[in-house]
Amino acid sequence: MSDPKAHLTNIKGQGLPPDRKERLLSELHDEGSQDPVDHASEDISGEERLDGYDNFSAIEASPTLQGTYTMRIRSIDELLERDKMREKDGFPRKIRVGKLVKPARGGKEKFVVVPTTVEEKFLHDRVTTPTGEGEPTGGTGEGEEGEVVGEQPVRPEGGEGEGAAGGGEGESHEMESSAYDLGKILTEKFELPNLKDKGKKSSLTRYTYHLTDKNRGFGQLLDKKATLRKILETNINLGNVPDITDIDTTRFLISPKDKIYRILSREIDYESQALVFFLRDYSGSMAGKASELVVSQHVMIYSWLLYQFARQVESRFILHDNQAKEVPDFHTYYNLQVAGGTKVATAYRLVNEIVERESLAKDYNIYVFHGTDGDDWDTEGSEAIPELKKMLTYSNRVGITIAEHGYSAAGNTEVERYLNQSGLLKEKPELLRLDVMGEDAEEPRLIEGIKKLIS
Amino acid sequence: MELINQHTKKIMEGCKERAREAGLRFQDETLEYIVTNRDMLELSPKVMIPTLYDYWVNDVEVLKGKGKYELYPHNPYETVINTHPPISFYNDNNPDWLNVMIFYHVLAHIDFFQNNLFFRHTWDYDLTGQALADKRLIARLRSEKGRWVDYVIEFGRSVDNLVGYYDELSRLNRATIPSLSKRLDYYFDVFLQSVKKVKIHEYVHEIERYNDCKNRYGEMGEKSFFADAQKKYPELETVYIKSLRTKVTPKLDLMQHLMEYSPFLNKDENKWMKTVLEVVRKTSIYFQPQIRTKIMNEGWASYWHEKLFLQDDRIKGHEVDFARVHAGVTSLPRVGLNPYALGMRLFSTIEEMADKGKISIKFQMLKDSHAREKFDAGTAAGLDYIFRVRENFCDFTFIDTFVDQDFVTGHKLFVVDKRLNQGKMVWEYYVKSRKAKDYRKMLIDTLYHPPRIEIDPAKGEDDSLYLVHRFEEKPLVKEFIANTMMGIEYLWGGTVQLETSEIEPPAQDMETYSAAGAKEPQVVWQRVLYTMKNRKLSKTFVQADS
């Protein structure tokens, strides 16, 4: 080892030595002594000279490098507070609150609430033609011109974009907590209306007290019959009742523990819980942006309700094309894509059936949100309208969102038409709301939509 | 964040020595820091420069990055910043052999920064130090002016892609030929072109006449040349003398123009804004070459880490590990672009071609593909040639010059596009073209190319700022126009107008369109004028006058 060069040739001669790691390390250590001296000294002096560099000593000393940078990053709340000031100063707001979703099976999708913003500049845009294909990119390998080299579902099944699957078991409440945050931010930032007190008590976590529970030893009201029974039981066990036909109550021993009282107890009032039905049209025509829009909006509504109802929300998910079916979790609701016809009435009917079958109407505040592109094979709404009327008898709010396709004339979808003709929108504005937007609407528009649906 | 340990530093020094021997040139001192993924997330919005001025958009980006990391954890690679001395950041858990590979990669980046001419203006500029001074300046202003500092930063940044980067470069890269007489410069550069607007053949004729005079009369050539010119243009002498008296105003980009002429910014109470704008502008100019040499820079680094790693005697036995990591970084994807892979292959191809003397007219004239393949002049000048390419090219010229049919065919490259298959509800990716011309166009379309927007003092109402977007068959992003112009209006303190081109929406609707079949629809361009007045945006159509 005294001669590194010989050592090197030695290694090279051996090919792959078994103890290569050790040798590598020793060799690397060796390298230093093998280096010309000036290099090694240069290295050290290079670092020492740092102090000579005014700026570098300043960098080292500056708090940024001491790990406090994070502390100085503003929180979302602070950023939003600041954003509010912009309006006062006469500039439009710039921060949007978005959510990142990583869908997963079994309702374990993760939501993360993040702020986003765009720095607007003059930038070149792509020239889009009506036939507009995708943005061309590069590729390598075999394949004739025109040959298909890969496919991608319009709505990817296993999560969006980059990132490998798996990694980190999301607790199911984790999604709730982040959705709750989103709801909070939505409510505060976008000044969504707080829910109106609809004649019922507004608190959803309220409790009623009934003398339903029994308690031995103390309580509010003595239950004489139960107490007597208990005393008798004790005394039989003690042998104080020799003849069951001739009871001498004076010989009884009365233990305080035998006194049975009725006691006030908290009862959760199930009546004021909220149940939300999310209905989504997943027919062929919904592919792409329209679905994206509806799903995004439903995520936000869900978050918002979660916040408003202090997490006392149950949700049911229903998908429909020309048939409706209930799906178990948001993941399936979010991801499923089928090409089929459209019959809105089936979804409404399914909601009515569920409500009736499980007699939900008397226990829940029921909200129904329906997202569609407005297509319906039942052009006159002859089936949908009666179902809708029925739904309106028990629900607190039915909100219908229509994401119109760019190519159809505005305000001309079947659903919009038959809703208008039915007159229900005017008749029961408290119960039924409709919001129509273009399918390429942006997030602020979505929030506008939510306001319209629930105010 | 801490410096790498002595053991690792020694490895780095060993790498430097070997890289130098191979021909790379870079300064002696470098700084290497170990950072955590968290540090990386926090630094990346600041282009990895810890001392860059604080700005709330960066905070938003950090929060977003963190959210993303929560869902999709990943390990960032190494990062180098171009400063003096160069600083690079690493993960703390790399094995030695991997560090060797990464160090070579980093050294090649540093070599690129310090030798490529597009970085000329960054060579004698201490970025981190300057950034720190700027950061302090802005922090101080913020304590006095509050959030208005952030508005100025915001509006400055909204036009910081329009900085005159090439003007800056050309100032530094002036050719040092002995300058000819002023009169001659004036005659050919200004008089003939701008005053007389002569035809090209006349211009060339004059040059020939000048050369002729010079040859015939030597010293007296110029005099005799002008004697004739004077006959043709009697006014020449007068306008020349007049031109000497008028001061030449240097060409200013939009930000400079605002700083120089904005009535608002030049009010006493607003002068501080100009210092903020200057910081934003300088920072932008500093990073301009980075965006314009991405493919080359990454290709250069990948080329060298492969070459030097395989020659390095210290890492014997890790060839397989290396191969795995290297392939991960530099494989050509089936669909998609990888600048590392593309750049590296280009450099290898160029070297090979130059080795065989293929970068020559003789070779270019060959049409027979067999002969092209066989061609070998045995010049062996490849290495020297790629060093020259690394010095003189940027991504655009690099791609435009060297992506040819041989390259595209040789690496089985093609242009991919996607189309919707309605029946299966899938996007189909298909081979659109294998022609070098199309591939080159696709690459060039992905390059950074900010719009060219100039100020036209002659147009517009009084006191308004009139901007002209040069037409390059690309519209501007519509949604951004309003806010960007609002920012300029604020900085200008008056009405701002922007002339640009937009595509006229097709008159026919979808149905008649699809009935017409697969015929490519005609794109109709329309010149429009946006006016931002009192924070309200309006649009009018400009009649084609010229």
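**Stop one: a loop in chain B**

Select Glu473(B), which sits in the loop between strand E8 (465-469) and helix H23 (478-492) of chain B. Keep in mind as you go that this is a predicted model. Glu473(B) has a phi near 60°, a positive value in a residue other than glycine. Most residues other than glycine have a negative phi, and most peptide bonds are trans. Is Glu473(B) buried or exposed? Glu473(B) counts as exposed because its relative accessibility is 53%, and the cut-off for exposed is over 50%.

**Stop two: another positive phi**

Now move to Lys412(B), in the loop that links helix H21 (405-410) to strand E5 (413-421) of chain B. Here too the residue is not a glycine and phi is positive, near 55°. With a relative accessibility of 40%, Lys412(B) counts as partly exposed.

**Stop three: the open sheet**

Next, select strands E1, E2, E4 and E3 of chain B; in that order, these 4 strands form an open sheet with mixed pairing. Which strands are at the edges? They are E1 (2-3) and E3 (79-81) of chain B, each of which pairs on one side only. Zoom in on E1(B) and strand E2 (residues 31-34) of chain B: the two run antiparallel, joined by 2 bridges. To see residues facing each other here, pick Leu3(B), which stands opposite Tyr33(B) in E2(B).

H4(B) lies across E2, E3 and strand E4 (87-90) of chain B. Its direction makes an angle of about 25° with E3(B).

**Stop four: a cis peptide bond**

Stay with the sheet strands and select Pro85(B), placed in the loop between E3 and E4 of chain B. What kind of peptide bond joins His84(B) and Pro85(B)? The bond is cis, with omega at about -5°.

**Stop five: over to chain A**

Finally, switch to chain A and select Lys343(A), in the loop between helix H10 (330-335) and helix H11 (344-357). Lys343(A) counts as partly exposed, at 28% relative accessibility. Show its surroundings: leaving out residues up to four places away in sequence, Lys343(A) touches His320(A), Asp321(A), Asn322(A), Asp376(A) and Glu383(A).

Conventions: Residues numbered from 1 in each chain as written. Chains lettered and ligands numbered in written order. Predicted model: local features only at pLDDT ≥ 70, side-chain atom pairs only at ≥ 80, totals over all residues. Heavy atoms only, no water. Pairing = 2+ DSSP bridges. Contact = heavy atoms within 4.5 Å. Axes fitted to C-alpha atoms, helices over the stretch in contact; angles between N-to-C directions. Buried < 20%, exposed > 50% of the residue type's maximum accessible area, 1.4 Å probe, protein only.
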